[in-house]
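Me: Could you take me through this structure with a few questions, giving each term its cut-off as it comes up?

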Amino acid sequence: MFKHILKICIATATLLPCWGNALTKELPAPAMTGGMPLMEAIAKRHSARDFDTTRAIDDQTLADILWVAWGKGLHGKRTIPTSRGLQNMQLFVLTPTGTWEYDGMTHTLRKVNKKNLIPLCERQDFVKNAPLHLLYTCMDDRGGECHVGSAYQNVYLYCTSRGLSTVVRAMIDKDALKREIGLPENHKVIVHQCIGWPAE
Ligand SMILES: Cc1cc2nc3c(=O)[nH]c(=O)nc-3n(C[C@H](O)[C@H](O)[C@H](O)COP(=O)(O)O)c2cc1C
């Protein structure tokens with residue numbers, strides 16, 4: 001049993017993104033075309049909590065996930081609507097070697113700290129098996145939580161289309177996450193979303 005848990009921990013740690021000492025990470029351009037027909041993806045959308053601990057998320061898939069959530073589409077518009085165009089949400093990628101903020105306008109990741117904040121999201125056992133961890137925060141009450149909902153739903157639909165498992169989660173230590181990221185007082189942590197390839 002212990003050996004099995006150790007194997008999962010080692011495999012997961014190896015597969016989670018680390019990205020060396022860089023402070024910014026360029027991402028491949030998002031695909032913007034293809035995938036499952038929209039109506040089929042909506043019909044098949046569901047939460048899944050089983051993750052293949054041996055398969056990482058490649059950079060193209062990561063880029064597509066971040067872009068569908070909070071990127072810039074054609075005509076310079078975000079992939080999601082925001083109340084009065086406020087764009088008052090943030091999207092972070094949590095990795096064992098640091099927290100990265102996704103800048104959707106430049107489609108890049110910027111390192112905001114060197115902390116491993118994934119354990120603050122691990123109130124359910126399956127979380128540690130996921131290779132990708134997103135954290136959504138918003139700036140104030142002016143529609144921020146609705147914007148986060150639009151973003152995670154886009155990710156759900158993308159995951160359905162690509163055959164990825166995903167589940168959005170509120171069962172996380174929001175106060176500690178806010179403190180550790182150093183979010184300003186008027187910001188709040190909303191949800192975590194874990195993503196990975198389904199276990200066989
Ligand atoms: C705001 C929000 C918070 C959620 N928090 C959790 C959570 O902490 N843990 C979890 O396992 N699932 C969580 N879920 C997923 C729901 O349990 C799931 O969406 C629900 O059971 C319906 O299943 P479905 O998504 O497959 O339709 C959350 C969903 C939402 C929308």
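**Loops, a helix and the core**

Reply: His75 lies in the loop between α3 and β2, where helices (H or I, at least four residues) and strands (E, at least two) are DSSP runs numbered from the N terminus. The model is a predicted one, in which local features need pLDDT of at least 70 and side-chain atom pairs count only at pLDDT 80 or more, while totals for chains, interfaces and linings use all residues. Residues are numbered from 1 along each chain as its sequence is written.

Me: Does His75 count as buried or exposed?
Reply: A residue is buried if 20 or more other C-beta atoms, placed from the backbone, lie within 10 Å of its own, exposed if 12 or fewer, and partly exposed in between. His75 has 5 C-beta neighbours inside 10 Å, so it counts as exposed.

Me: In which loop is Met32 found?
Reply: Met32 has a positive phi of about 60° although it is not a glycine, and with 13 other C-beta atoms within 10 Å it is partly exposed. Its place in the chain is the loop between β1 (24-26) and α2 (38-44).

Me: Which residues touch the most other members of the largest nonpolar core?
Reply: A nonpolar core is a set of buried Ala, Val, Leu, Ile, Met, Phe, Trp, Tyr and Cys residues joined through C-beta atoms within 7 Å. In soluble globular proteins, nonpolar side chains tend to be buried together. Of the 49 residues in the largest core here, those that touch the most other members are Leu66, Leu91, Tyr136, Ala151 and Val155.

Me: Which residue in β7 is the bridge partner of Thr166?
Reply: Since 4 of the 5 residues of β6 are buried, this strand is largely enclosed by the rest of the structure. Two strands pair if DSSP finds at least two bridges between them, and 5 bridges join β6 to β7, which run antiparallel. In β7, the partner of Thr166 is Ile195.
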